[in-house]
Amino acid sequence: MSRAPSPFWVVKCPDCSGEQTIFSRPSTGVNCSVCGATLATPTGGQAKLRGELVKTIA
Ligand SMILES: [Zn+2]
């Protein structure tokens, strides 16, 4: 696992354009803290994003 990607992502909500930092490998879905829209869904590995990936945080 030494080549694991950056563990956190900054994602822009497609509905309200708010930016939120999320874990890149969530075990549950992640919702926007502002409007409640789904930002990411769990896949067992890296999340499937619905929002736009703004940047990664190492
Ligand atoms: Zn939102």
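Predicted model: local features only at pLDDT ≥ 70, side-chain atom pairs only at ≥ 80, totals over all residues.
Student: What makes β1 and β2 a pair?

Tutor: Pairing takes at least two bridges. Five bridges join β1 to β2, and the two run antiparallel. In that pairing, F8 stands opposite F23 in β2.

Student: And how do you know that β1 pairs with β6?

Tutor: Apply that cut-off of at least two bridges again. Five bridges join β1 (residues 8–12) to β6, also antiparallel. Here F8 stands opposite I57.

Student: Which order do the strands take in the sheet?

Tutor: The sheet is open, with three strands in the order β2-β1-β6. β2 (19–23) and β6 each have a single partner strand, so they stand at the edges, one side of each without a neighbour in the sheet. From one strand to the next, the twist averages 30°.

Student: Why is β6 said to lie largely in the open?

Tutor: A residue counts as buried at 20 or more other C-beta atoms within 10 Å. Of the six residues of β6 (residues 52–57), the number buried is zero, so β6 lies largely in the open.

Student: What makes T56 a contact of F8?

Tutor: The test is C-beta atoms within 7 Å. Beyond its neighbours within four places in sequence, F8 has contacts including T21, I22, T56 and I57. As for I22, its C-alpha atom is separated from that of F8 by 5.6 Å, though the two are 14 residues apart along the chain.

How values were computed. Residues numbered from 1 in each chain as written. Buried ≥ 20, exposed ≤ 12 C-beta atoms within 10 Å, placed from the backbone. Helix = DSSP H or I, 4+ residues; strand = E, 2+ residues; numbered from the N terminus. Axes fitted to C-alpha atoms, helices over the stretch in contact; angles between N-to-C directions. Contact = placed C-beta atoms within 7 Å.
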